[in-house]
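Below is my note on the chain, as numbered points. Please have the sequence and structure open while reading.

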Amino acid sequence: MPYAKLIPMPTIAAILFIVAYNMCGWKNILNTCRSAPKSDIIVLFVTLIFTVVFDLVVAIGVGLVLASLLFMKRMADVTEAHNWIDVTDDEDTDPDNISLKKIPDNTRVYEINGPMFFAASDKFGYVLDDKKFHILIIRMRNVPAIDSTGVEELKNIVKRCEKRDIKVIFSHVNEQPMRAMTKAGFTERVGKDNFCDHIDTALLRAEALERSIAAAKN
């Protein structure tokens with residue numbers, strides 16, 4: 001320690017610049033700006049500005065309040081009322097009930113319910129542990145909204161499926177989630193043909209992919 005005072009200040013400044021550069025997470029910031037909704041970007045930069053102008057404690061408080069208000073606004077914007085059967089207590093009266101559909105061989109169907117604002121990959125764990133299927137259909141008819149975290153989790157799921165040669169099909173993606181996925185480049189990666197407007201269309205798509213996989217093996 002007595003020798004630390006002998007180190008030139010420009011050298012110490014250079015070290016601090018490197019440490020700050022490695023800690024800033026600029027790649028994550030760029031990815032957020034490219035793929036996240038405008039509300040998330042606003043929270044990011046407001047928090048950053050308050051950190052520089054004031055301090056971290058004030059920035060965290062302001063960012064938390066702003067994120068909460070924007071979250072409530074987002075929930076209010078996606079709330080809708082439909083005069084049609086979606087989910088009922090009596091499954092036999094629901095025409096979209098998956099138990100009433102004929103699922104192709106080597107195909108699994110998984111349905112997400114509710115907004116995706118936090119990690120969801122753990123909920124898919126037991127599905128992806130089953131290696132005996134070729135196609136995974138993800139139903140999103142009851143997902144009204146998604147943020148950048150939710151999109152990132154779906155990307156991780158697709159990556160895990162690609163490693164196991166599992167094709168992924170999305171069914172009934174609502175307007176806001178579709179916009180977020182398109183902005184993040186997720187739809188191009190999965191393929192627009194693998195986004196179906198209804199579960200029946202998704203099942204037909206699964207049958208077509210299954211036939212192509214069987215033909216490739218033969």
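1. In which helix is Val 52 found? Val 52 lies in helix H3; helices (H or I, at least four residues) and strands (E, at least two) are DSSP runs, numbered from the N terminus. This is a predicted model, in which local features need pLDDT of at least 70 and side-chain atom pairs count only at pLDDT 80 or more, while totals for chains, interfaces and linings use all residues. Residues are numbered from 1 along each chain as its sequence is written, and side-chain values use heavy atoms, with hydrogens and water left out.

2. Confidence. pLDDT is the predictor's confidence in each residue, from 0 to 100. The chain averages 79, and 81% of the residues score at least 70. Over residues 79-89 pLDDT stays under 50. Where pLDDT is low, the predicted coordinates should not be read in detail.

3. Exposure. Val 52 is exposed, with a relative accessible area of 66% (buried is under 20%, exposed over 50%, partly exposed in between; 1.4 Å probe, protein chains only).

4. Core. The largest nonpolar core has 24 residues, and Leu 154 and Phe 170 are among those with the most contacts inside it. Such a core is a set of buried Ala, Val, Leu, Ile, Met, Phe, Trp, Tyr and Cys residues joined through side-chain atoms within 4.5 Å. Helix H6 (148-163) and strand E2 (135-142) are among the elements that each supply at least two residues; H6 gives the most, with five.

5. Second core. A separate core of nine residues includes Ile 135, Ala 202, Leu 203 and Ala 206.

Note on methods
Contact = heavy atoms within 4.5 Å.
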